[in-house]
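Work through the exercises below with the coordinates open.

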Amino acid sequence: MSSRSNKKNKNKLMQRRPRQVLCKEQKYHQERDKLDDEHETEPTENNTAPSIAFPVAMWDLKQCDRKKCSGQKLVRHGLVKTLRLGARFPGLVLTPVGTKCVSPTDREIVQEYGCAVVDCSWARLDDTPFNRMKTPNPRLLPFFVAANPVNYGKPCELSCVEAIAAALTITGFRDEAALYLGKFSWGHSFLELNSELLESYALCKNSEEVIAAQEKFLADAWHEKLNRHTLPDFPQSDTESEEEGVKKDESPISEVIKELDNTEI
């Protein structure tokens, strides 16, 4: 019996556990996600929600990871009200079924009636009953690059708080946008990563100009990709640290070019 037991133990020791190798970017986002969880403080009865002059709401389809859902965190902090499916919201609603883009001209709608988002999974858009989320003001968001830990660097795949902050910034409510993003340790990264786009959209007069600004940005990103392919790759200076390299590439055009690099010219 003892010899069989020793043989089994030896076999167990000989079995190697599969290694999970993470790239530097994955490690960075994992650590940032952990930091966000560690620094999250649950609201108490004494911690009342900050006063917002207009309602902010969301339809929760319960498709996301509850621990990573930015919308759920905002609900816990009293910054977002949950809407039942089929309920009508009179304000501005960010939805894929919108027919026009959010623009500074929507400021009065937000100020008077507020804004809302749909909390659903990007992988399950086809299963989402957008027709049951009723609003007279459906809107699309223009192009942005995500800064949340789940979809960092991906075009358009924003979290709930990023979508809310983007709409509020475009419509002139910058302080409110900063308040919402301030609940996340990575929130400031969204404003930094998309600063050029946010400034450009906020200066537009209507939805058409927002679309034109978006198209110009994407065209510039494509031209920069083409230019990079025509230039030789020079070795990086030994004096440049990894942190400096990350900051240097942290711009929406750089992130878009990474995506475009997967596309054949």
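## Exercises on a predicted chain

Of the contacts in the protein chain that link residues at least 6 apart in sequence, 77% join residues at least 24 apart. The model is predicted. Its protein chain holds eleven helices and five strands, and buried residues account for 39% of its 265 residues.

**Exercise 1. Determine how many residues of α5 are buried, and list them.**

Step 1. The cut-off for a buried residue is under 20% relative accessible area.

Step 2. Eleven of the eleven residues of α5 are buried, and the helix is mostly covered.

Step 3. The buried residues of α5 are C160, V161, E162, A163, I164, A165, A166, A167, L168, T169 and I170.

Step 4. Just after α5 comes G172, with a positive phi of about 95 degrees.

**Exercise 2. Describe how α5 packs against helix α6 (residues 174-181).**

Step 1. The angle between α5 and α6 is about 165 degrees, and their axes are 8 Å apart.

Step 2. Angles over 145 degrees count as roughly antiparallel, so α5 is roughly antiparallel to α6.

Step 3. The crossing of α5 and α6 is left-handed.

Step 4. On the α5 side the contact is made by V161, I164, A165, L168 and T169, and on the α6 side by R174, E176, A177, Y180 and L181.

Step 5. By class, the residues of the contact of α5 with α6 are seven nonpolar, one polar and two charged.

**Exercise 3. Repeat the analysis for α5 and helix α8 (residues 195-202).**

Step 1. α5 and α8 pack at an angle of about 40 degrees, with 8 Å between their axes.

Step 2. α5 is therefore oblique to α8.

Step 3. A166, T169 and I170 of α5 make the contact with L198, Y201 and A202 of α8.

Step 4. The residues of the contact of α5 with α8 comprise five nonpolar, one polar and no charged.

**Exercise 4. Locate C156, and state whether C156 is buried, partly exposed or exposed.**

Step 1. C156 lies in the loop between β5 and α5.

Step 2. The relative accessibility of C156 is 38%, so C156 counts as partly exposed.

Step 3. The phi of C156 is near 75 degrees, which is a positive value in a residue other than glycine.

**Exercise 5. Place T135 in the chain and list its contacts, leaving aside neighbours within four places in sequence.**

Step 1. The loop between β4 (115-119) and β5 (137-139) contains T135.

Step 2. With those neighbours left aside, T135 is in contact with F89, G91 and V93.

Step 3. T135 and L94 are 41 residues apart along the chain, and their C-alpha atoms are separated by 10.0 Å.

Terms used:
Residues numbered from 1 in each chain as written. Predicted model: local features only at pLDDT ≥ 70, side-chain atom pairs only at ≥ 80, totals over all residues. Heavy atoms only, no water. Axes fitted to C-alpha atoms, helices over the stretch in contact; angles between N-to-C directions. Helix = DSSP H or I, 4+ residues; strand = E, 2+ residues; numbered from the N terminus. Parallel < 35°, antiparallel > 145°, perpendicular 65-115°, else oblique. Left-handed = near helix turned anticlockwise from the far one by under 90°. Contact = heavy atoms within 4.5 Å. Nonpolar A, V, L, I, M, F, W, Y, C, P; charged D, E, K, R; others polar. Buried < 20%, exposed > 50% of the residue type's maximum accessible area, 1.4 Å probe, protein only.
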